Amino acid sequence: RLHLVTWNVGTASPPPDVTSLLQLNSLGPAMDMYVIGLQEVNSRITNFLSDLAFDDPWSIFFMAVLSPLGYIKLSSVRMQGLLLLVFVKHVHLPFIRDVHTHYTRTGLYGYWGNKGGVTVRMSLYGHTICFMNCHLPAHMENIEQRLDDFEKILEMQFEGENIPSTLDHDVLFWFGDLNFRIADYGIHFVRESINNKRYNLLWEKDQLNMAKKKEAFLQDFIEGPLQFKPTYKFDLYSDVYDTSEKKRKPAWTDRILWRVKNLCQNASKEGEFSEEEQTISVTLNNYISHMSYGISDHKPVTGTFGLELKPLLLDPLVTLNPEGEWSAEHDVLISYSAVPEFPSSAWDWIGLFKVSFRHVNDYVTYAWVEDDEISSTKDSKQVYMSAAEIPDMGGEFLLGYYSNNLQSIVGISQPFRIQPNRTLIDKDLTQEENSWMQKPDNLESRDEF
């Protein structure tokens, strides 16, 4: 289950609550992955430079919301105002590999990143998935520039060996503030159609719908029905369309589309396609806007998808477990085993993480798999962690094996409990008792007063 968000936030700060945006109160099963694409994140030079050194406020905000629910920030990529975040449930981490990011500038003839695309790709259970968040040129008349820019973004190549081009991924999601407008019709007809919820009258003049009919590179992209009000342009903190002097015509600028490669390949082979050949399928469960959010002149749009995969990866590269009872009273042991083909490195490490960890570098401590190894057999190895590095207060934790060659966590343990340090607790109790027994000299005079 994948939940995808696109939102032009208009340089605003995060809202107080995103429960409905992320469908956190949904009665169905929890999402497996969140993909959040933002445009116009505050990108003034001072903000951008500080965000390069530290996580930006939006990343910190979504990590604070999702990490307590068992999601880790798998990857992120930022280009000025464009931000793309990918969060996944812990259980899927060992089956996600080859994560790469890329960005393409198209503003000012490719020299400025106020427009363009940011992309994250990965192998998910052996299937290649690509997410592309775009902010294309504005204004009604720039339809050709939008199409040219998107073609340029599609042509970008990831760095690394054997990584497919964008259109060669099994599934490609394309979303963002694509800035396509409603052509020909006047503002009064458009607003009247919206007020009467007759959105279908506007679909045929939507520039993206029209382009899909004539542009070959767009024809394989699929989009759900636009059964919600156009998401641009609103007065702030309202559901009223633009009342300024410009009175911008409403438009579906914020969109989510997807493309399944094997469907494209088989479309021309009618009669030869069988269910057995279909190893991945995408189902759109809902495609909606969220009118209650008013921090910008755009309303956010979400798509909830079901990805049905025939797993091509069934076993994690590394299996690991804590041995015995863990506490800070003694050194502790970790046992792990790797599949024969695993490309291990001297720079691999095993991290101890709180169960609510936010990203791969959010570890409490770690052990080098070679430097801290204490035993090795054909089937398994053991490493130790020093008692001095184990949290005295204990709690719920898990272990993750980080592969330097693959730049990802390739094995993760079940959550386990670290016992509080009894020596420390006894010491604290003794100190507390002593403090009660040592009555201050002036206590009686205070009581009398």
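Modeller: Gladly, with the caution that this is a predicted model. We can begin with His-3, which is found in strand S1, residues 2–8.

Colleague: Is His-3 buried or exposed, and with which side chain does the side chain of His-3 make a polar contact?

Modeller: Burial here means under 20% relative accessible area. His-3 has 0% relative accessibility and therefore counts as buried, while its side chain makes a polar contact of 2.9 Å with the side chain of Thr-304. Leaving aside neighbours within four places in sequence, His-3 is in contact with residues that include Leu-21, Met-33, Val-35 and Gly-303.

Colleague: How should I read the largest nonpolar core, and which of its residues touch the most other members?

Modeller: The general idea is that in soluble globular proteins nonpolar side chains tend to be buried together. In this model the largest nonpolar core has 51 residues, and those touching the most other members are Met-33, Val-35, Met-122, Ile-129, Phe-131, Phe-173 and Phe-305. Because domain 1 (2–309) and domain 2 (318–427) both give residues to this core, it lies between them. As for Met-122, its contacts beyond four places in sequence include Met-33, Leu-74, Ile-129 and Phe-131.

Colleague: Which residues of helix H2 are buried, and what covers them?

Modeller: For a helix, the idea to keep in mind is that there are 3.6 residues a turn, so residues three or four places apart point the same way. In H2 (residues 57–66), the buried residues are Trp-58, Ser-59, Phe-61, Phe-62, Met-63 and Leu-66. Their cover includes S1, strand S2 (33–39), strand S3 (71–79) and strand S4 (82–89). At the start of H2, a side-chain oxygen of Asp-56 reaches to within 3.0 Å of the backbone nitrogen of Trp-58.

Colleague: In what order do the strands of the open sheet run?

Modeller: The sheet is formed by 4 strands in the order S13-S15-S19-S18, with antiparallel pairing. Strand S13 (318–323) and strand S18 (373–376) are the edge strands, each pairing on one side only, and the twist averages 25° from one strand to the next. Strand S15 (residues 332–338) and strand S19 (residues 381–385) pair over 5 bridges, where Ser-335 has Gln-382 in S19 as its bridge partner.

Colleague: Finally, which peptide bond is cis, and where does Thr-11 lie?

Modeller: Most residues other than glycine have a negative phi, and most peptide bonds are trans. The bond from Tyr-232 to Lys-233 is cis, with omega near 5°, and Lys-233 is placed in the loop between strand S9 (222–223) and strand S10 (254–260). Lys-247 also lies in the loop between S9 and S10, and has a positive phi of about 45° although it is not a glycine. Thr-11 lies in the loop between S1 and S2, has a positive phi of about 65°, and counts as partly exposed because its relative accessibility is 43%.

Conventions. Residues are numbered from 1 along each chain as its sequence is written. This is a predicted model: local features need pLDDT of at least 70, side-chain atom pairs count only at pLDDT 80 or more; totals for chains, interfaces and linings use all residues. Side-chain values use heavy atoms; hydrogens and water are left out. Helices (H or I, at least four residues) and strands (E, at least two) are DSSP runs, numbered from the N terminus. Buried means under 20% relative accessible area, exposed over 50%, partly exposed in between (1.4 Å probe, protein chains only). A polar contact is a pair of N or O atoms within 3.5 Å; within protein, one must be able to donate a hydrogen and the other to accept it, and residues adjacent in sequence count only if both atoms are side-chain atoms. Contact means heavy atoms within 4.5 Å. A nonpolar core is a set of buried Ala, Val, Leu, Ile, Met, Phe, Trp, Tyr and Cys residues joined through side-chain atoms within 4.5 Å. Domain bounds come from an automatic or database domain assignment. Two strands pair if DSSP finds at least two bridges between them. Axes are lines fitted to C-alpha atoms, for helices over the stretch in contact, and angles run from 0 to 180 degrees between N-to-C directions.
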